[in-house]
Amino acid sequence: QVQLVESGGGLVRAGESMRLACAASGSASRSYDMAWFRQAPGKERDFVAALSWTGGTYYGDSVKGRFHISKDNAKKTVLLQMNERKPEDTAIYYCAARGPYLAETSTFDDAYNYWGQGTQVTVSS
């Protein structure tokens, strides 16, 4: 069993940076793919970023060049650095995990079987 807990959400102004963290516990290991998704009110969950267990990174088109995903293996924590924030980044952000030892990294939410509770991020103009 894998437990994921997000933190770092809140209210920020456009252009300000913010870093989200997802702490993993239980059976989570370095062999799991990690990802961030987000969901705005009335919308489908959108892919934000993913970090494969081999170290590859993947980003949604809307955040490419602005967001950066990384992992602290010692703390079993995945991070999402959000720069150049825009009001359209406002959403609930979810941490997700899948694995272990998968050959392909997925950008689809139904491919991930472990989810955090979500953290609200609001970006004001």
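This report describes the fold of a predicted protein model, with a focus on strand β8.

## Basis

Because the model is predicted, local features need pLDDT of at least 70 and side-chain atom pairs count only at pLDDT 80 or more, while totals for chains, interfaces and linings use all residues. Residues are numbered from 1 along each chain as its sequence is written, and side-chain values use heavy atoms, leaving out hydrogens and water.

## Overall fold

The protein has zero helices and eleven strands. Helices (H or I, at least four residues) and strands (E, at least two) are DSSP runs, numbered from the N terminus. The radius of gyration is 13 Å, close to the 14 Å of the globule rule for 125 residues, so the protein is as compact as a globular protein of that length. That radius is taken over C-alpha atoms, and the rule is 2.2 Å times the number of residues to the power 0.38.

The C-alpha trace spans about 40 × 25 × 25 Å along its principal axes. Of the 125 residues, 41% count as buried (under 20% relative accessible area, with a 1.4 Å probe and protein chains only).

Strand β8 covers residues 77–82. Five of its six residues are buried, so β8 is largely enclosed by the rest of the structure.

Strand β3 (residues 18–26) runs antiparallel to β8, joined by six bridges. Here M18 stands opposite M82. Two strands pair if DSSP finds at least two bridges between them. Strand β7 (residues 67–72) also pairs with β8 in the antiparallel sense, over six bridges. D72 has T77 as its bridge partner in β8.

## The hairpin

β7 and β8 form a hairpin with four residues between them. In the turn, K76 has a positive phi of about 50 degrees.

Methods: Buried < 20%, exposed > 50% of the residue type's maximum accessible area, 1.4 Å probe, protein only.
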